[in-house]
Amino acid sequence: MKRKGGQSRPIPVNETSVADLIPTKSSLGALRSAAAGCRACDLWKSATQTVFGEGSPKAAIMLVGEQPGDKEDLSGRPFVGPAGKILDEALRLAGIDRNEVYVTNVVKHFKWSPDERGKRRIHKKPRSSEIQACHPWLDAEIRLVQPRILVCMGATAAQALLGNNFSVTRQRGRWVRSSLAPKVIGTVHPSSILRARDSESRDSQMQAFVRDLDTVARALKMKPAGRTENGVRQRVGQNRSTEKRTEKRAEEVRRSVPVPDWRADWRE
Ligand code: SF4
């Protein structure tokens, strides 16, 4: 590109759109490789690596979150940090095998800023321009996996996929009409459970999350319809080991991340 006076200027890397990078004969492996070199927005600059989706290419359920966190950024795998552990627990309680789902995020690089002492990386919510720039990767994942059920976890994922008017608070746990998959549903992001102010509130938020995933499991006939609200309460509230594990993970996060910033970011 020439400037006035004939001078060349370097082409900023993010002038390349994701659409230009998506291989024509796509497979999830080819997509993952192409995404590893994505520079279509600025988020790659401060992240360690692209964190692409993971799971069976024939998964009946696709779970979509916002973006990778600190642990995911370091490991290169989605939902392996504290929120991922909560998700594993909730899937287990709902009778869904994590090996049978595909998990991904609307944004594939970790957006963060340093804490006051510059020692910790604090999650920052992606801007809509960043979500839009990254969207073709998610579109391609949905096109290839063709899940029977798409689960949007948290407001960022739900609004990116279902429109800005979608309210997780009001519409969670209910099927939504969408061309993205035969069945689409919104629920909270598991991080929001870790941010609950006390164990009672965390317990009830976990119950509600498992209830939403129960709806998903029932739609796939992974379990009989008879597993009721009382069943969810029993599985979550009266399961002492689950409670302890959830509390331990919440404590890990409280120690590793200052709460107020995240709380604001993850508020539904
Ligand atoms: S966040 Fe998405 S669009 Fe931006 S550089 Fe990373 S992979 Fe590319």
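**Strand pairing and the core**

Student: How many bridges join β6 to strand β8, and do the two run parallel or antiparallel?

Tutor: In this predicted model, strand β8 covers residues 183–187 and runs parallel to β6. Within this pairing, V151 stands opposite I185 of β8. The number of bridges joining β6 to β8 is 5.

Student: Which residue of β6 does V64 stand opposite?

Tutor: Strand β2, residues 61–65, is joined to β6 by 4 bridges, and these two strands run parallel. Leaving aside neighbours within four places in sequence, V64 has contacts that include L150, V151, C152 and M153, as well as T104 and L161. The residue of β6 that stands opposite V64 is C152.

Student: Why is β6 described as largely enclosed by the rest of the structure?

Tutor: In a regular strand the side chains alternate between the two faces of the sheet, so each face has to be considered. On one side of β6 lie I149, V151 and M153, on the other L150 and C152, and all of them are buried. Strand β6, residues 149–153, is therefore largely enclosed, the count of buried residues being 5 of the 5.

Student: Which residues have the most contacts inside the largest nonpolar core?

Tutor: Buried residues make up 43% of the 268 residues in the protein chain. The largest nonpolar core has 62 residues. Those with the most contacts inside this core are I61, V64, A90 and V151.

Student: What share of the contacts between residues at least 6 apart in sequence joins residues at least 24 apart?

Tutor: The protein chain has 12 helices and 8 strands. Among contacts in this chain between residues at least 6 apart in sequence, the share that joins residues at least 24 apart is 73%.

Student: Where is there a positive phi just after α9?

Tutor: Helix α9, residues 199–219, has 21 residues and reaches 30 Å from its first C-alpha to its last, close to the 30 Å expected at 1.5 Å a residue. Just after this helix, a positive phi of about 55° is taken by K221.

Student: Over which residues does pLDDT stay under 50 while the model has 24 contacts beyond four places in sequence?

Tutor: The protein chain averages a pLDDT of 85, and 77% of the residues score at least 70. Over residues 1–12 pLDDT stays under 50, and there the model has 6 contacts beyond four places in sequence. The stretch with 24 such contacts, where pLDDT also stays under 50, is residues 256–268.

Definitions and conventions
Residues are numbered from 1 along each chain as its sequence is written. This is a predicted model: local features need pLDDT of at least 70, side-chain atom pairs count only at pLDDT 80 or more; totals for chains, interfaces and linings use all residues. pLDDT is the predictor's confidence in each residue, from 0 to 100. Two residues are in contact if their C-beta atoms, placed from the backbone, lie within 7 Å. The expected span of a helix is 1.5 Å times one less than its number of residues. A residue is buried if 20 or more other C-beta atoms lie within 10 Å of its own, exposed if 12 or fewer, and partly exposed in between; C-beta atoms are placed from the backbone. Two strands pair if DSSP finds at least two bridges between them. A nonpolar core is a set of buried Ala, Val, Leu, Ile, Met, Phe, Trp, Tyr and Cys residues joined through C-beta atoms within 7 Å.
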